[in-house]
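Visitor: Hi! I'm new to this one. Could you walk me through its charged side chains?
Guide: Happy to, let's have a look together.

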Amino acid sequence: MELDQRKKKILYAVIKTYLETGEPVGSRTLSKCDDLKVSPATIRNEMADLEELGYLMQPHTSAGRIPSDKGYRFYVDQMLAEEKKEVEDMKELLIEKADKVEKILKQVASSLAINTNYATMVSAPKPQGTKIKFIQLSKMENRRILAVIVADGNIIKNQIIETKEDLDDETVFKLNMLLNTSLNGLSVDEINLAMIAKMKEQAGDYSDIVGDIIDAVGEVIKPDDDLEIYTSGAKNIFKYPELSDKESVVDIITAFEEKKQLTEIVNETMMNDESSSRGIQVYIGEESPMDTMKDCSVVTATYEIGEGMKGTIGIIGPKRMDYDKVVKTLKSITGQLDSLYKKKK
């Protein structure tokens, strides 16, 4: 059933009031809202309908209503659909001419926690679907060659390879041609055994060199299981009674301290980012990628600082979080990170 405008207004009013107060919202409170201009009796009837439809819930018989997960989901989807392109400027967030991305990301996590009063996490950028850009072989002395492998995101690996004999310029040139013609633009998943066998056959007496270089390529562009995650504001969770009173609060704090479980959020965000248009992702309650955060809302965004180098920014808080502010803040942050990288290139 599609909600009419009056039900939408009342649902929005309940959610916004609950976001501000954390207390169940009654019809008498809503009747004072200038936007509604309807009687308490009408509001009570509409709230009853919204509860029956699953958008609101009543924690106690005599209490007002609070949003359900379905209500939050409706609010977030509508808000994102109507979201304008304007974003809030976050002053003094990124240090000018910062030397290291790590330092910047730590500051992003800290500033977000202060700005939003929620728990925050930022994953370091990692290559996604990394492909080989080119391979350059150069002669060295004492029967050695230097292989320089460059992948997306300007990832570079140098590998010194021992050879049975000194190679002449023509042989090095032919090997360069063979490797680049065969491998450029491929990811590690696209390099199969049949392709390797064919390249070794074409290399003839130098098949061992081709094998060594392919091993080095695998080291450069293989997925990295170790993910660096910067966190801040975990103690902000205690500011919200609906979370601090839960037994799961210990698990949430532990997840932020150990960080390993947070990779579930990063992996989920990256997977959804690849299957849909890049943007904000909102997980409410049971939608959360982490079992320990089923009482929370998790809002994430993907940032990119180069070809294929992506990371995740996440904000974790109560279901009554200020979604509007969080979404605008994440859009601002990702835009500033993109701009910062472009300036530094």
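Guide: Lys164 and Asp208 form a salt bridge, with their closest N and O atoms 3.6 Å apart. A salt bridge here is a side-chain nitrogen of Lys or Arg within 4 Å of a carboxyl oxygen of Asp or Glu. Lys164 sits in the loop between β7 and α6, and Asp208 in helix α8 (residues 207–221), 44 residues apart. Helices (H or I, at least four residues) and strands (E, at least two) are DSSP runs, numbered from the N terminus.

Visitor: What kind of model is this?
Guide: This is a predicted model, where local features need pLDDT of at least 70, side-chain atom pairs count only at pLDDT 80 or more, and totals for chains, interfaces and linings use all residues. Residues are numbered from 1 along each chain as its sequence is written, and side-chain values use heavy atoms, leaving out hydrogens and water.

Visitor: How many salt bridges are there by this rule?
Guide: The count comes to 10. Asp4, Arg6, Lys7, Glu46 and Asp49 are linked in a network of them.

Visitor: Which residue does Glu46 pair with at 2.8 Å, N to O?
Guide: Lys7 is one such partner, in a salt bridge with Glu46. Glu46 lies in helix α3 and Lys7 in helix α1, so the pair ties together parts 39 residues apart in sequence.

Visitor: Is Glu46 buried or exposed?
Guide: Glu46 is buried, at 5% relative accessible area. Buried means under 20% relative accessible area, exposed over 50%, and partly exposed in between (1.4 Å probe, protein chains only). Lys7 is buried as well.
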